[in-house]
Amino acid sequence: MFDWQNIDTVLLDMDGTLLDLHFDTYFWLEHLPLRYAQIHKMDQDEARSWLHERIIEQQGTLNWYCLDYWTRELNVPITELKSEIADKIAFRPHVQDFLATLKAQGIRTVIVTNAHWGSLSLKIEKTAINDLVDDVICSHDFGLPKEDLTFWDRLQQVEPFDKSRTLLVDDSFAVLNSAREYGIKYLLSIYQPDSQQPKREIDDYSAIEHFDEITPKK
């Protein structure tokens, strides 16, 4: 798929790439509609339908990921509600071994996530994932989502990397498209970001099921 001798930096998405996306899927599609209906005293199916429409309107924007935005717009404590199901936060298979091997080989690893700090902090608390990589960068600090081409220029300012020697692993096709347009040479997707959902068909990018498929030999 690629030669590790040609890669100095690995940029890694978090949700759906390093961590199982099931936590987030379950929260937005099941737990939030339930708790929203309870808090606002309405039918759960009506709440789910209404929430789905509101959330889809923000897809591709930073608001889509912003817990402060949704707390304000929905009048519910999103971060607190996420904490209620924190036991569902989990690594995808072979992630720890993969990151440990890269570190041992001197390859720089950076989590680059659209996750809001409220969610990111909860996941760090549950997994200590920040200790497994060299740095964690949150797109909210730039005021731009990874889907925005300008994001990569901003990232380059705080995390200089050689585009020709960098690998980005991300489950979002929109993010991979943006990174490809920016010029990042090595791009990789994930077949099954959510362990409870079917494997996806992926034609435009190389993809893996689990990280043991690409872990460098020790």
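This is a predicted model: local features need pLDDT of at least 70, side-chain atom pairs count only at pLDDT 80 or more; totals for chains, interfaces and linings use all residues.

I begin in a loop: Val76 is placed between helix α3, residues 67-74, and helix α4, residues 78-83. Is Val76 buried or exposed? Its relative accessible area is 2%, and because the threshold for buried is under 20%, Val76 counts as buried. Which residues does Val76 touch, setting aside those up to four places away in sequence? They are Leu32, Tyr36, Ile39, His40, Thr71 and Leu81. For one of these, Tyr36, I can also give a distance: 40 residues separate Val76 and Tyr36 along the chain, and their C-alpha atoms are 7.0 Å apart.

Let me now step back to the chain as a whole. The protein chain contains eight helices and six strands. Their order along the sequence is β-α-α-α-α-α-β-α-β-α-β-α-β-β. The C-alpha trace spans about 60 × 35 × 30 Å along its principal axes. The radius of gyration is 18 Å, which agrees with the value near 17 Å that a compact globule of 218 residues would have. Of those 218 residues, 49% count as buried. The accessible surface comes to about 10400 Å², and carbon and sulfur atoms account for 45% of that area. As for charge, there are 22 positive and 38 negative side chains, and the centres of the two sets lie 3 Å apart. Turning to contacts between residues at least 6 apart in sequence, 67% of them join residues at least 24 apart.

I turn next to the strands. Strand β1, residues 9-12, is joined to β4 by four bridges, and the two run parallel. β1 also pairs with β2 in the parallel sense, again over four bridges. Leu12 takes part in both pairings: its bridge partner in β4 is Val169, and in β2 it stands opposite Ile111. Val169 stands opposite Leu188 in β5.

How is β4 covered? In a regular strand, side chains alternate between the two faces of the sheet. For β4, residues 166-169, both faces are covered: Thr166 and Leu168 are buried on one side, and Leu167 and Val169 are buried on the other. Strand β2 is mostly covered, with five of its six residues buried.

Helix α6, residues 117-127, deserves attention next. Which of its residues are buried? They are Gly118, Ser119, Leu120, Leu122, Lys123 and Thr127. These buried residues pack against α1, α3, α4, β2 and β3. After α6 comes Ala128, with a positive phi near 55°. Ala128 lies in the loop between α6 and β3, and it is partly exposed, with a relative accessible area of 30%.

Lys41 is found in the loop between α1 and α2. Its relative accessibility of 76% makes Lys41 exposed.

Two further positions complete the survey. His140 is found in the loop between β3, residues 135-138, and α7, residues 149-158. At 16% relative accessibility, His140 counts as buried. Leaving aside neighbours within four places in sequence, His140 is in contact with Leu62, Tyr65, Cys66, Asn114, Ala115 and His116. The other position is Ala174, in helix α8, residues 173-182. With a relative accessibility of 40%, Ala174 counts as partly exposed. Ala174 and Asp148 are 26 residues apart along the chain, and their C-alpha atoms are separated by 9.1 Å.

To close, I return to the strand pairings. Thank you for your attention.

Terms used. Residues are numbered from 1 along each chain as its sequence is written. Side-chain values use heavy atoms; hydrogens and water are left out. The radius of gyration is taken over C-alpha atoms; the globule rule is 2.2 Å times the number of residues to the power 0.38. Buried means under 20% relative accessible area, exposed over 50%, partly exposed in between (1.4 Å probe, protein chains only). Contact means heavy atoms within 4.5 Å. Accessible areas come from the Shrake-Rupley method with a 1.4 Å probe; for residues, only the protein chains shown count as cover. Lys and Arg count as positive and Asp and Glu as negative; His and the chain ends are not counted. The place of a charge is taken as NZ of Lys, CZ of Arg, CG of Asp or CD of Glu. Two strands pair if DSSP finds at least two bridges between them.
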